[in-house]
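Thanks for making the time this morning.

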Amino acid sequence: MEALRNAFDFSDSPRVDLVIAAMVAVALLLFPLFSPSSFAIATIIQFFIFALYGMGWNTIGGYGGQVDLGKAQYVGIGAYTTAVMLIRWDIPFWVSMPIGMFFSITWSFIIGYPLFRLKGHYFAIATIATSLVLKDLFEIWDFVGAARGLEISPIKYSPPDFLRLIFKQDIYYYYVIFGFFLLGILIINWFRRSRLGFQLRAIKDNEDVARSLGINVHLSKVKTYAIATAFVSMVGSFHACYIKNIEPEDTMSLDISILIALMAMLGGAGSLWGPIIGAGVLIPLKSYLKEWLGARGGLVGIDLIIYAAIIMVISAREPRGIWGIVERVRRRKRL
Amino acid sequence: MPILDIRHLVKEYGGLRANDDISFTLEKGELLGVIGPNGAGKTTLFNCIAGLHPVTSGRIFFDGQDVTLKPAHEMARLGLARTFQVYTAAGDLTVVENIMVGCFLRTRSRKDARRRADGILYDLKLSDHADTLVSELPVPAQKQVTMATALGTAPRMLLLDEVAAGLNPSEIDDIMTSIRHIHNEMGITVMLIEHVMELVMNVCDRLVVLDYGHKIADGTPADIAANAEVIKAYLGERYVKEHAGELS
(Lines give C-alpha, C1' and ligand atoms only; values in the text may rest on other atoms or scores of the structure.)
Protein backbone atom coordinates (compact mmCIF):
# COMPACT_ATOMS: atom_id res chain seq x y z
CA MET A 1 0.00 0.00 0.00
CA GLU A 2 2.71 2.42 0.97
CA ALA A 3 4.55 1.59 -2.24
CA LEU A 4 1.47 2.59 -4.22
CA ARG A 5 1.13 5.82 -2.27
CA ASN A 6 4.78 6.57 -2.88
CA ALA A 7 4.38 6.01 -6.61
CA PHE A 8 1.75 8.76 -6.75
CA ASP A 9 3.52 11.07 -4.33
CA PHE A 10 5.33 13.81 -6.26
CA SER A 11 5.29 16.24 -3.35
CA ASP A 12 9.07 16.69 -3.38
CA SER A 13 9.03 18.04 -6.94
CA PRO A 14 8.54 21.80 -7.25
CA ARG A 15 5.01 22.73 -8.30
CA VAL A 16 6.19 24.33 -11.52
CA ASP A 17 7.66 20.98 -12.64
CA LEU A 18 4.39 19.23 -12.05
CA VAL A 19 2.42 21.89 -13.91
CA ILE A 20 4.74 21.62 -16.89
CA ALA A 21 4.63 17.81 -16.75
CA ALA A 22 0.83 17.85 -16.63
CA MET A 23 0.66 20.27 -19.56
CA VAL A 24 3.00 18.13 -21.64
CA ALA A 25 0.98 15.03 -20.77
CA VAL A 26 -2.28 16.70 -21.83
CA ALA A 27 -0.65 17.94 -25.04
CA LEU A 28 0.56 14.42 -25.83
CA LEU A 29 -2.88 13.03 -25.04
CA LEU A 30 -4.65 15.44 -27.39
CA PHE A 31 -1.99 15.65 -30.08
CA PRO A 32 -3.38 12.90 -32.36
CA LEU A 33 -6.75 14.69 -32.49
CA PHE A 34 -5.22 17.45 -34.60
CA SER A 35 -4.63 15.00 -37.45
CA PRO A 36 -0.84 15.27 -37.49
CA SER A 37 1.28 13.58 -40.13
CA SER A 38 2.04 9.92 -39.72
CA PHE A 39 5.67 10.95 -39.51
CA ALA A 40 4.96 13.07 -36.45
CA ILE A 41 3.05 10.24 -34.81
CA ALA A 42 5.86 7.80 -35.55
CA THR A 43 8.38 10.22 -34.08
CA ILE A 44 6.44 10.58 -30.86
CA ILE A 45 6.04 6.82 -30.58
CA GLN A 46 9.83 6.58 -30.88
CA PHE A 47 10.08 9.21 -28.18
CA PHE A 48 7.89 7.15 -25.82
CA ILE A 49 9.89 4.01 -26.59
CA PHE A 50 13.23 5.63 -25.88
CA ALA A 51 11.97 7.57 -22.88
CA LEU A 52 10.94 4.22 -21.38
CA TYR A 53 14.25 2.58 -22.24
CA GLY A 54 15.99 5.56 -20.68
CA MET A 55 13.87 5.41 -17.51
CA GLY A 56 14.79 1.76 -17.10
CA TRP A 57 18.46 2.46 -17.72
CA ASN A 58 18.30 5.34 -15.25
CA THR A 59 17.58 3.06 -12.27
CA ILE A 60 20.89 1.22 -12.46
CA GLY A 61 22.86 3.65 -14.61
CA GLY A 62 21.64 6.95 -13.19
CA TYR A 63 20.68 6.40 -9.58
CA GLY A 64 23.17 3.56 -9.18
CA GLY A 65 25.97 5.03 -11.30
CA GLN A 66 26.68 1.70 -13.01
CA VAL A 67 27.17 2.59 -16.65
CA ASP A 68 25.39 -0.16 -18.52
CA LEU A 69 25.95 -0.28 -22.26
CA GLY A 70 24.19 -3.56 -22.94
CA LYS A 71 20.52 -2.77 -22.73
CA ALA A 72 19.89 -3.85 -26.35
CA GLN A 73 20.11 -7.52 -25.35
CA TYR A 74 16.93 -7.09 -23.33
CA VAL A 75 15.20 -5.24 -26.15
CA GLY A 76 16.03 -8.35 -28.16
CA ILE A 77 14.83 -10.87 -25.58
CA GLY A 78 11.54 -9.01 -25.15
CA ALA A 79 10.99 -8.47 -28.86
CA TYR A 80 11.89 -12.01 -29.85
CA THR A 81 9.81 -13.64 -27.15
CA THR A 82 6.72 -11.75 -28.27
CA ALA A 83 7.36 -12.24 -31.98
CA VAL A 84 8.14 -15.95 -31.75
CA MET A 85 5.17 -16.67 -29.53
CA LEU A 86 2.83 -14.72 -31.76
CA ILE A 87 4.05 -16.21 -35.02
CA ARG A 88 4.41 -19.81 -33.89
CA TRP A 89 1.61 -20.25 -31.40
CA ASP A 90 -0.57 -17.17 -31.76
CA ILE A 91 0.05 -16.22 -28.14
CA PRO A 92 -1.25 -12.70 -27.42
CA PHE A 93 0.99 -9.79 -26.42
CA TRP A 94 -0.31 -9.54 -22.88
CA VAL A 95 0.84 -13.10 -22.20
CA SER A 96 4.11 -13.01 -24.13
CA MET A 97 5.21 -9.66 -22.69
CA PRO A 98 5.40 -10.89 -19.07
CA ILE A 99 7.02 -14.12 -20.26
CA GLY A 100 9.59 -12.05 -22.13
CA MET A 101 10.16 -10.05 -18.95
CA PHE A 102 10.65 -13.30 -17.07
CA PHE A 103 13.25 -14.47 -19.59
CA SER A 104 14.98 -11.11 -19.51
CA ILE A 105 15.12 -10.98 -15.73
CA THR A 106 16.40 -14.56 -15.56
CA TRP A 107 19.12 -13.68 -18.04
CA SER A 108 19.89 -10.49 -16.11
CA PHE A 109 20.48 -12.55 -12.95
CA ILE A 110 22.69 -15.01 -14.81
CA ILE A 111 24.96 -12.31 -16.19
CA GLY A 112 24.36 -9.78 -13.40
CA TYR A 113 25.88 -11.92 -10.67
CA PRO A 114 29.32 -12.13 -12.26
CA LEU A 115 29.15 -8.73 -14.00
CA PHE A 116 28.56 -6.74 -10.84
CA ARG A 117 31.81 -8.05 -9.44
CA LEU A 118 33.35 -5.62 -11.93
CA LYS A 119 33.54 -1.88 -11.50
CA GLY A 120 33.53 1.24 -13.65
CA HIS A 121 34.77 0.84 -17.20
CA TYR A 122 35.22 -2.91 -16.80
CA PHE A 123 31.55 -3.25 -16.00
CA ALA A 124 30.57 -1.11 -19.00
CA ILE A 125 32.74 -3.15 -21.37
CA ALA A 126 31.40 -6.42 -19.99
CA THR A 127 27.80 -5.33 -20.59
CA ILE A 128 28.66 -4.49 -24.20
CA ALA A 129 30.28 -7.88 -24.62
CA THR A 130 27.36 -9.92 -23.27
CA SER A 131 24.95 -7.96 -25.43
CA LEU A 132 26.98 -8.54 -28.58
CA VAL A 133 27.43 -12.23 -27.83
CA LEU A 134 23.69 -12.64 -27.40
CA LYS A 135 23.12 -10.83 -30.69
CA ASP A 136 25.55 -13.16 -32.45
CA LEU A 137 23.77 -16.17 -30.99
CA PHE A 138 20.44 -14.91 -32.28
CA GLU A 139 21.99 -14.42 -35.70
CA ILE A 140 22.78 -18.12 -36.03
CA TRP A 141 19.74 -19.49 -34.22
CA ASP A 142 17.33 -20.81 -36.82
CA PHE A 143 14.39 -21.16 -34.46
CA VAL A 144 14.18 -17.36 -34.26
CA GLY A 145 14.90 -16.77 -37.93
CA ALA A 146 18.68 -16.36 -37.58
CA ALA A 147 20.08 -13.29 -39.37
CA ARG A 148 16.97 -12.93 -41.53
CA GLY A 149 14.93 -12.11 -38.47
CA LEU A 150 11.21 -12.53 -38.02
CA GLU A 151 8.25 -10.90 -39.61
CA ILE A 152 4.84 -10.58 -38.06
CA SER A 153 2.45 -10.61 -40.99
CA PRO A 154 -1.10 -10.22 -39.76
CA ILE A 155 -3.79 -12.09 -41.61
CA LYS A 156 -6.25 -9.28 -41.16
CA TYR A 157 -5.90 -5.83 -39.67
CA SER A 158 -9.45 -4.93 -38.76
CA PRO A 159 -10.90 -4.76 -36.28
CA PRO A 160 -7.96 -3.48 -34.19
CA ASP A 161 -6.54 -6.44 -32.30
CA PHE A 162 -5.90 -5.25 -28.78
CA LEU A 163 -5.10 -8.74 -27.58
CA ARG A 164 -2.20 -9.27 -29.94
CA LEU A 165 -1.43 -5.56 -30.25
CA ILE A 166 -1.70 -5.67 -34.02
CA PHE A 167 -3.06 -2.46 -35.50
CA LYS A 168 -3.12 -0.96 -38.95
CA GLN A 169 -3.07 2.60 -37.71
CA ASP A 170 -0.27 3.92 -35.59
CA ILE A 171 -2.69 5.91 -33.45
CA TYR A 172 -3.51 2.76 -31.45
CA TYR A 173 0.16 2.10 -30.80
CA TYR A 174 0.48 5.72 -29.77
CA TYR A 175 -2.05 5.40 -26.98
CA VAL A 176 -0.86 1.98 -25.81
CA ILE A 177 2.74 3.16 -25.41
CA PHE A 178 1.50 6.41 -23.88
CA GLY A 179 -0.15 4.28 -21.19
CA PHE A 180 3.11 2.42 -20.61
CA PHE A 181 4.91 5.74 -20.46
CA LEU A 182 2.67 7.07 -17.66
CA LEU A 183 2.98 3.78 -15.81
CA GLY A 184 6.76 3.97 -16.22
CA ILE A 185 6.86 7.40 -14.59
CA LEU A 186 4.94 6.06 -11.60
CA ILE A 187 7.27 3.07 -11.25
CA ILE A 188 10.36 5.28 -11.36
CA ASN A 189 8.79 7.64 -8.85
CA TRP A 190 8.22 4.68 -6.57
CA PHE A 191 11.75 3.44 -7.15
CA ARG A 192 13.55 6.67 -6.37
CA ARG A 193 11.62 7.05 -3.12
CA SER A 194 11.95 3.39 -2.10
CA ARG A 195 14.50 1.77 0.14
CA LEU A 196 16.21 0.27 -2.90
CA GLY A 197 16.41 3.68 -4.56
CA PHE A 198 18.06 5.20 -1.49
CA GLN A 199 20.47 2.29 -1.28
CA LEU A 200 21.46 2.71 -4.91
CA ARG A 201 22.15 6.39 -4.44
CA ALA A 202 24.37 5.58 -1.47
CA ILE A 203 26.18 2.93 -3.52
CA LYS A 204 26.82 5.40 -6.33
CA ASP A 205 28.43 7.76 -3.87
CA ASN A 206 30.71 5.38 -2.00
CA GLU A 207 30.45 1.61 -1.87
CA ASP A 208 32.40 1.16 1.36
CA VAL A 209 30.15 3.62 3.15
CA ALA A 210 27.10 1.90 1.69
CA ARG A 211 28.35 -1.46 3.01
CA SER A 212 28.92 -0.02 6.44
CA LEU A 213 25.33 1.19 6.47
CA GLY A 214 24.20 -2.39 6.11
CA ILE A 215 23.61 -2.41 2.37
CA ASN A 216 24.36 -5.61 0.51
CA VAL A 217 25.89 -3.73 -2.40
CA HIS A 218 26.06 -6.62 -4.84
CA LEU A 219 22.50 -7.76 -4.20
CA SER A 220 21.09 -4.24 -4.46
CA LYS A 221 22.77 -3.78 -7.82
CA VAL A 222 21.51 -7.10 -9.14
CA LYS A 223 17.96 -6.31 -7.99
CA THR A 224 18.00 -2.89 -9.61
CA TYR A 225 19.48 -4.30 -12.77
CA ALA A 226 16.47 -6.61 -12.93
CA ILE A 227 14.10 -3.65 -12.66
CA ALA A 228 15.92 -1.83 -15.46
CA THR A 229 15.76 -5.02 -17.49
CA ALA A 230 12.03 -5.45 -16.97
CA PHE A 231 11.40 -1.96 -18.36
CA VAL A 232 13.50 -2.53 -21.45
CA SER A 233 12.09 -5.98 -22.10
CA MET A 234 8.51 -4.74 -21.83
CA VAL A 235 9.13 -2.04 -24.40
CA GLY A 236 11.05 -4.51 -26.55
CA SER A 237 7.91 -6.66 -26.72
CA PHE A 238 5.91 -3.62 -27.75
CA HIS A 239 8.55 -2.76 -30.32
CA ALA A 240 8.10 -6.16 -31.99
CA CYS A 241 4.35 -5.65 -32.46
CA TYR A 242 4.84 -2.08 -33.62
CA ILE A 243 7.71 -2.59 -36.07
CA LYS A 244 6.54 -6.11 -37.05
CA ASN A 245 9.91 -6.88 -38.55
CA ILE A 246 12.76 -7.68 -36.20
CA GLU A 247 16.25 -8.84 -36.90
CA PRO A 248 19.25 -9.08 -34.56
CA GLU A 249 21.16 -6.41 -36.44
CA ASP A 250 18.81 -3.54 -35.65
CA THR A 251 16.96 -4.78 -32.57
CA MET A 252 20.04 -5.73 -30.57
CA SER A 253 22.75 -3.54 -32.05
CA LEU A 254 25.30 -1.67 -29.99
CA ASP A 255 23.84 1.58 -31.35
CA ILE A 256 20.62 0.97 -29.44
CA SER A 257 22.48 0.30 -26.19
CA ILE A 258 24.54 3.44 -26.55
CA LEU A 259 21.58 5.56 -27.58
CA ILE A 260 19.67 4.45 -24.48
CA ALA A 261 22.51 5.41 -22.17
CA LEU A 262 23.30 8.65 -24.00
CA MET A 263 19.74 9.86 -23.93
CA ALA A 264 19.44 9.36 -20.22
CA MET A 265 22.81 11.02 -19.61
CA LEU A 266 21.99 13.94 -21.86
CA GLY A 267 18.70 14.59 -20.09
CA GLY A 268 20.16 13.99 -16.66
CA ALA A 269 21.11 10.64 -15.17
CA GLY A 270 19.76 10.03 -11.70
CA SER A 271 16.78 12.32 -11.99
CA LEU A 272 13.11 11.57 -12.53
CA TRP A 273 12.62 13.73 -15.63
CA GLY A 274 16.11 13.43 -17.14
CA PRO A 275 15.62 10.45 -19.45
CA ILE A 276 12.29 11.87 -20.67
CA ILE A 277 13.90 15.21 -21.47
CA GLY A 278 16.82 13.45 -23.15
CA ALA A 279 14.52 11.41 -25.37
CA GLY A 280 12.34 14.48 -25.98
CA VAL A 281 15.33 16.40 -27.28
CA LEU A 282 17.21 13.74 -29.19
CA ILE A 283 14.49 11.67 -30.84
CA PRO A 284 12.70 14.49 -32.69
CA LEU A 285 16.04 16.05 -33.51
CA LYS A 286 17.36 12.81 -34.86
CA SER A 287 14.36 11.92 -36.96
CA TYR A 288 13.64 15.43 -38.29
CA LEU A 289 17.24 16.16 -39.09
CA LYS A 290 17.47 12.88 -40.89
CA GLU A 291 14.27 13.63 -42.80
CA TRP A 292 15.03 17.21 -43.74
CA LEU A 293 18.74 17.27 -44.23
CA GLY A 294 19.61 13.70 -45.02
CA ALA A 295 16.94 12.98 -47.60
CA ARG A 296 16.57 16.39 -49.19
CA GLY A 297 19.98 18.00 -49.40
CA GLY A 298 21.86 14.82 -49.87
CA LEU A 299 23.73 15.70 -46.70
CA VAL A 300 23.79 12.17 -45.43
CA GLY A 301 25.18 11.87 -41.94
CA ILE A 302 24.87 15.50 -40.93
CA ASP A 303 22.25 14.54 -38.37
CA LEU A 304 24.87 12.47 -36.61
CA ILE A 305 27.30 15.38 -36.54
CA ILE A 306 24.81 17.79 -35.01
CA TYR A 307 23.68 15.12 -32.62
CA ALA A 308 27.24 14.47 -31.49
CA ALA A 309 27.95 18.19 -31.13
CA ILE A 310 25.00 18.66 -28.77
CA ILE A 311 26.15 15.79 -26.63
CA MET A 312 29.67 17.18 -26.45
CA VAL A 313 28.50 20.66 -25.51
CA ILE A 314 26.14 19.43 -22.83
CA SER A 315 28.59 17.03 -21.28
CA ALA A 316 31.33 19.67 -21.22
CA ARG A 317 29.07 22.27 -19.63
CA GLU A 318 27.27 20.10 -17.13
CA PRO A 319 28.01 16.43 -16.61
CA ARG A 320 24.63 15.93 -14.97
CA GLY A 321 22.93 16.78 -18.25
CA ILE A 322 20.10 19.12 -19.04
CA TRP A 323 18.44 18.47 -15.72
CA GLY A 324 21.70 19.34 -14.00
CA ILE A 325 21.63 22.77 -15.67
CA VAL A 326 18.03 23.31 -14.54
CA GLU A 327 18.92 22.45 -10.95
CA ARG A 328 21.99 24.64 -10.96
CA VAL A 329 20.02 27.65 -12.19
CA ARG A 330 17.40 27.02 -9.54
CA ARG A 331 19.92 26.76 -6.75
CA ARG A 332 21.57 29.99 -7.83
CA LYS A 333 18.21 31.75 -7.69
CA ARG A 334 17.52 30.42 -4.23
CA LEU A 335 20.82 31.51 -2.73
CA MET B 1 30.36 -10.59 28.45
CA PRO B 2 32.30 -7.94 26.50
CA ILE B 3 30.57 -6.42 23.47
CA LEU B 4 33.81 -6.60 21.50
CA ASP B 5 36.57 -9.14 21.99
CA ILE B 6 39.61 -9.00 19.73
CA ARG B 7 42.04 -11.90 19.96
CA HIS B 8 45.48 -11.90 18.34
CA LEU B 9 44.31 -9.95 15.33
CA VAL B 10 46.78 -9.80 12.43
CA LYS B 11 46.24 -7.92 9.20
CA GLU B 12 48.78 -7.98 6.39
CA TYR B 13 48.74 -5.99 3.18
CA GLY B 14 51.23 -7.67 0.90
CA GLY B 15 54.30 -7.97 3.09
CA LEU B 16 53.28 -5.21 5.47
CA ARG B 17 51.86 -6.10 8.87
CA ALA B 18 49.46 -3.24 9.53
CA ASN B 19 48.05 -4.92 12.64
CA ASP B 20 50.28 -7.34 14.51
CA ASP B 21 48.83 -9.54 17.22
CA ILE B 22 46.39 -7.04 18.70
CA SER B 23 44.16 -8.21 21.54
CA PHE B 24 41.79 -6.28 23.77
CA THR B 25 38.19 -6.33 24.90
CA LEU B 26 35.55 -3.66 25.20
CA GLU B 27 32.72 -3.81 27.73
CA LYS B 28 29.18 -2.68 26.94
CA GLY B 29 28.80 1.02 27.61
CA GLU B 30 32.49 1.82 27.49
CA LEU B 31 33.93 4.76 25.59
CA LEU B 32 37.27 3.68 24.24
CA GLY B 33 39.80 5.78 22.36
CA VAL B 34 42.38 4.35 19.97
CA ILE B 35 45.40 6.60 19.58
CA GLY B 36 48.82 6.36 18.01
CA PRO B 37 50.98 7.98 15.37
CA ASN B 38 50.00 8.04 11.70
CA GLY B 39 50.41 4.64 10.11
CA ALA B 40 50.09 2.82 13.44
CA GLY B 41 47.22 0.72 12.06
CA LYS B 42 44.24 2.42 13.70
CA THR B 43 42.04 2.68 10.62
CA THR B 44 43.11 -0.81 9.54
CA LEU B 45 41.86 -2.08 12.89
CA PHE B 46 38.49 -0.37 12.29
CA ASN B 47 38.27 -1.80 8.78
CA CYS B 48 38.88 -5.31 10.14
CA ILE B 49 36.33 -4.97 12.93
CA ALA B 50 33.72 -3.47 10.59
CA GLY B 51 34.22 -6.28 8.09
CA LEU B 52 35.43 -4.13 5.21
CA HIS B 53 38.76 -5.92 5.01
CA PRO B 54 39.21 -9.59 5.90
CA VAL B 55 41.68 -10.25 8.73
CA THR B 56 44.77 -12.32 8.01
CA SER B 57 44.51 -14.23 11.28
CA GLY B 58 43.08 -13.89 14.75
CA ARG B 59 39.48 -13.74 15.89
CA ILE B 60 36.88 -11.04 16.50
CA PHE B 61 33.83 -11.60 18.69
CA PHE B 62 30.95 -9.16 18.70
CA ASP B 63 28.47 -9.64 21.54
CA GLY B 64 29.68 -13.19 22.04
CA GLN B 65 29.34 -14.15 18.40
CA ASP B 66 32.33 -14.98 16.22
CA VAL B 67 32.23 -12.37 13.45
CA THR B 68 35.78 -12.77 12.20
CA LEU B 69 35.09 -12.84 8.47
CA LYS B 70 31.59 -11.37 8.39
CA PRO B 71 31.07 -8.86 5.58
CA ALA B 72 30.44 -5.22 6.46
CA HIS B 73 26.73 -5.16 5.67
CA GLU B 74 26.13 -8.06 8.04
CA MET B 75 28.14 -6.35 10.78
CA ALA B 76 25.89 -3.32 10.36
CA ARG B 77 22.85 -5.55 10.70
CA LEU B 78 24.29 -7.01 13.91
CA GLY B 79 24.53 -3.49 15.33
CA LEU B 80 27.98 -2.19 14.51
CA ALA B 81 28.14 1.20 12.77
CA ARG B 82 31.09 3.31 11.74
CA THR B 83 32.03 6.64 10.24
CA PHE B 84 34.79 7.28 7.75
CA GLN B 85 37.76 9.60 8.02
CA VAL B 86 37.53 11.06 4.54
CA TYR B 87 33.89 10.84 3.83
CA THR B 88 31.69 13.70 2.95
CA ALA B 89 28.26 12.12 2.97
CA ALA B 90 26.51 11.59 -0.36
CA GLY B 91 26.63 15.02 -1.98
CA ASP B 92 23.45 14.97 -4.01
CA LEU B 93 21.30 13.77 -1.13
CA THR B 94 19.90 16.12 1.47
CA VAL B 95 20.88 15.72 5.11
CA VAL B 96 17.68 13.94 6.05
CA GLU B 97 17.88 11.66 2.99
CA ASN B 98 21.41 10.67 3.98
CA ILE B 99 20.27 9.65 7.43
CA MET B 100 17.32 7.81 5.91
CA VAL B 101 19.77 5.60 3.99
CA GLY B 102 20.99 4.41 7.39
CA CYS B 103 17.47 4.12 8.81
CA PHE B 104 16.37 1.93 5.90
CA LEU B 105 18.47 -0.86 7.41
CA ARG B 106 15.78 -1.42 10.03
CA THR B 107 12.65 -0.62 8.06
CA ARG B 108 11.25 -0.89 4.57
CA SER B 109 8.80 1.94 5.04
CA ARG B 110 9.79 5.37 3.80
CA LYS B 111 7.57 7.05 6.37
CA ASP B 112 9.16 5.10 9.19
CA ALA B 113 12.67 5.86 7.93
CA ARG B 114 11.81 9.54 7.75
CA ARG B 115 10.46 9.51 11.30
CA ARG B 116 13.58 7.84 12.68
CA ALA B 117 15.80 10.24 10.74
CA ASP B 118 13.93 13.26 12.09
CA GLY B 119 14.47 11.95 15.62
CA ILE B 120 18.22 11.66 15.10
CA LEU B 121 18.39 15.11 13.51
CA TYR B 122 16.66 16.50 16.56
CA ASP B 123 19.01 14.68 18.95
CA LEU B 124 22.12 15.98 17.21
CA LYS B 125 20.61 19.49 16.79
CA LEU B 126 20.69 19.25 13.01
CA SER B 127 16.99 19.79 12.37
CA ASP B 128 17.59 23.19 10.75
CA HIS B 129 19.72 21.56 8.08
CA ALA B 130 17.31 18.72 7.27
CA ASP B 131 16.63 19.73 3.67
CA THR B 132 20.06 21.13 2.83
CA LEU B 133 22.27 19.24 0.41
CA VAL B 134 25.15 17.73 2.36
CA SER B 135 27.66 19.17 -0.09
CA GLU B 136 26.42 22.67 0.77
CA LEU B 137 27.01 22.29 4.51
CA PRO B 138 30.05 23.59 6.34
CA VAL B 139 32.60 20.90 7.27
CA PRO B 140 31.71 20.65 11.01
CA ALA B 141 28.05 20.07 10.18
CA GLN B 142 29.07 17.46 7.59
CA LYS B 143 30.97 15.61 10.32
CA GLN B 144 27.85 15.62 12.45
CA VAL B 145 25.87 14.27 9.48
CA THR B 146 28.26 11.33 9.04
CA MET B 147 27.67 10.44 12.70
CA ALA B 148 23.93 10.89 12.30
CA THR B 149 23.90 8.62 9.23
CA ALA B 150 25.71 5.89 11.16
CA LEU B 151 23.25 6.32 14.04
CA GLY B 152 20.45 5.78 11.53
CA THR B 153 21.32 2.08 11.48
CA ALA B 154 20.35 1.87 15.18
CA PRO B 155 23.73 0.50 16.27
CA ARG B 156 24.74 -0.96 19.63
CA MET B 157 28.30 0.05 19.00
CA LEU B 158 29.69 2.94 17.02
CA LEU B 159 33.19 3.33 15.56
CA LEU B 160 34.18 6.96 14.96
CA ASP B 161 37.19 7.58 12.73
CA GLU B 162 38.68 11.05 13.38
CA VAL B 163 35.44 12.99 13.55
CA ALA B 164 37.19 16.00 15.10
CA ALA B 165 40.02 16.30 12.57
CA GLY B 166 40.37 19.79 11.16
CA LEU B 167 37.88 21.44 13.50
CA ASN B 168 38.45 24.53 15.65
CA PRO B 169 38.12 24.40 19.48
CA SER B 170 34.48 25.44 19.65
CA GLU B 171 33.54 22.96 16.93
CA ILE B 172 35.43 20.28 18.85
CA ASP B 173 33.30 21.14 21.88
CA ASP B 174 30.16 20.55 19.79
CA ILE B 175 31.47 17.19 18.60
CA MET B 176 32.29 16.22 22.20
CA THR B 177 28.77 17.13 23.23
CA SER B 178 27.41 14.91 20.45
CA ILE B 179 29.69 12.01 21.38
CA ARG B 180 28.70 12.25 25.04
CA HIS B 181 25.04 12.36 24.03
CA ILE B 182 25.46 9.25 21.87
CA HIS B 183 27.26 7.46 24.68
CA ASN B 184 25.32 8.59 27.75
CA GLU B 185 21.79 9.27 26.51
CA MET B 186 21.53 6.80 23.64
CA GLY B 187 23.50 4.15 25.53
CA ILE B 188 25.74 3.22 22.61
CA THR B 189 29.21 1.78 23.16
CA VAL B 190 31.70 4.03 21.38
CA MET B 191 35.18 3.36 20.08
CA LEU B 192 36.96 6.27 18.47
CA ILE B 193 40.18 7.06 16.66
CA GLU B 194 41.38 10.57 17.29
CA HIS B 195 44.45 12.77 17.19
CA VAL B 196 42.81 15.66 19.01
CA MET B 197 44.13 14.96 22.52
CA GLU B 198 41.75 17.36 24.17
CA LEU B 199 38.82 15.26 22.97
CA VAL B 200 40.44 11.90 23.70
CA MET B 201 41.54 12.81 27.23
CA ASN B 202 38.19 14.39 28.07
CA VAL B 203 35.61 11.93 26.78
CA CYS B 204 37.28 8.50 26.81
CA ASP B 205 37.08 6.08 29.75
CA ARG B 206 39.97 4.08 28.43
CA LEU B 207 42.64 4.28 25.76
CA VAL B 208 44.39 1.74 23.58
CA VAL B 209 47.64 2.90 22.01
CA LEU B 210 48.96 1.46 18.76
CA ASP B 211 52.41 1.90 17.30
CA TYR B 212 53.74 0.17 14.17
CA GLY B 213 50.79 -2.20 14.25
CA HIS B 214 51.39 -3.28 17.86
CA LYS B 215 49.36 -2.49 20.93
CA ILE B 216 51.81 -0.74 23.22
CA ALA B 217 49.48 0.37 26.01
CA ASP B 218 45.95 -0.02 27.34
CA GLY B 219 44.57 1.94 30.30
CA THR B 220 42.85 5.04 31.64
CA PRO B 221 43.77 8.41 30.09
CA ALA B 222 45.85 9.28 33.19
CA ASP B 223 47.77 6.00 33.00
CA ILE B 224 48.42 6.48 29.31
CA ALA B 225 49.67 10.03 29.76
CA ALA B 226 52.19 8.74 32.30
CA ASN B 227 53.30 5.77 30.23
CA ALA B 228 56.90 6.23 29.15
CA GLU B 229 56.55 4.16 25.98
CA VAL B 230 53.50 6.14 24.84
CA ILE B 231 55.24 9.44 25.52
CA LYS B 232 58.16 8.32 23.44
CA ALA B 233 56.09 6.95 20.55
CA TYR B 234 53.32 9.46 20.35
CA LEU B 235 52.50 12.09 22.96
CA GLY B 236 55.95 13.68 23.32
CA GLU B 237 57.53 15.24 26.42
CA ARG B 238 56.05 18.65 25.71
CA TYR B 239 52.46 17.47 25.79
CA VAL B 240 52.93 15.79 29.15
CA LYS B 241 54.58 18.84 30.70
CA GLU B 242 51.91 21.22 29.45
CA HIS B 243 49.03 19.06 30.65
CA ALA B 244 50.58 17.67 33.79
CA GLY B 245 48.06 19.46 36.01
CA GLU B 246 44.89 18.36 34.19
CA LEU B 247 45.72 14.69 33.96
CA SER B 248 46.69 13.80 37.49
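Predicted model: local features only at pLDDT ≥ 70, side-chain atom pairs only at ≥ 80, totals over all residues.

Chain B contains eleven helices and ten strands. Its radius of gyration is 18 Å, close to the 18 Å that the globule rule gives for 248 residues, so chain B is as compact as a globular protein of that length. If you follow the C-alpha trace along its principal axes, chain B spans about 55 × 40 × 35 Å. Of its 248 residues, 45% count as buried, and among the contacts in chain B with a separation of 6 or more, 66% are between residues 24 or more positions apart.

Let us look at the sheets of chain B, starting with the one that has six strands. This is an open sheet with mixed pairing, and its order in chain B is β6-β7-β8-β3-β9-β10. The edges are taken by β6 (80–82) and β10 (214–219) of chain B, each with a single partner strand, so one side of each is left without a neighbour in the sheet. Direction ignored, neighbouring strands of this sheet are turned by 15° against each other on average.

Within this sheet, strand β3 (residues 31–35) of chain B runs parallel to strand β8 (residues 189–193) of chain B, and four bridges join them. To take one position in that pairing, which residue of β8(B) is the bridge partner of B:Leu31? The partner of B:Leu31 is B:Val190.

Helix α1(B) touches β3, β6, β7 (157–161), β8 and β9 (206–211) of chain B, and its direction makes about 150° with that of β7(B). Helix α9 (residues 228–235) of chain B also packs on the sheet, where it touches β3, β9 and β10 of chain B, with a direction at about 120° to that of β10(B).

Chain B also has an open sheet of four strands, in the order β2-β1-β4-β5, and here the pairing is antiparallel. Its edge strands are β2 (16–26) and β5 (65–66) of chain B, each of which pairs on one side only. Inside the sheet, strand β1 (residues 4–13) and strand β4 (residues 57–62) of chain B pair in the antiparallel sense over five bridges, and one position to look for is B:Arg7, whose bridge partner in β4(B) is B:Arg59.

Helix α5 (residues 139–151) and helix α6 (residues 169–185) of chain B pack at an angle of about 10°, with their axes 10 Å apart, which makes α5(B) roughly parallel to α6(B). Among the residues that make this contact are B:Met147 and B:Leu151 of α5(B), together with B:Ile175 and B:Ile182 of α6(B). By class, the contact of α5(B) with α6(B) has five nonpolar, two polar and three charged residues.

Now to chain A, where helix α7 (residues 170–193) and helix α10 (residues 217–243) have axes that come within 12 Å and cross at roughly 180°, which makes α7(A) roughly antiparallel to α10(A). The residues that meet there include A:Phe180 and A:Phe191 in α7(A), and A:Phe231 and A:Phe238 in α10(A). This contact divides into ten nonpolar residues, one polar and no charged.

Staying with helix α7 of chain A, we find A:Ile185 in it. Is A:Ile185 buried or exposed? With 20 C-beta neighbours inside 10 Å, A:Ile185 counts as buried.

Finally, the contact between the chains takes 18 residues from chain A and 25 residues from chain B. On the side of chain A that touches chain B, the elements giving two or more residues are α1 (2–8), α8 (195–205) and α9 (207–212) of chain A, and the largest share, six residues, comes from α8(A). The residues on that side of chain A divide into five nonpolar, six polar and seven charged.

Conventions:
Residues numbered from 1 in each chain as written. Chains lettered and ligands numbered in written order. Pairing = 2+ DSSP bridges. Contact = placed C-beta atoms within 7 Å. Nonpolar A, V, L, I, M, F, W, Y, C, P; charged D, E, K, R; others polar. Rg over C-alpha atoms; globule rule 2.2 N^0.38 Å. Buried ≥ 20, exposed ≤ 12 C-beta atoms within 10 Å, placed from the backbone. Axes fitted to C-alpha atoms, helices over the stretch in contact; angles between N-to-C directions. Parallel < 35°, antiparallel > 145°, perpendicular 65-115°, else oblique.
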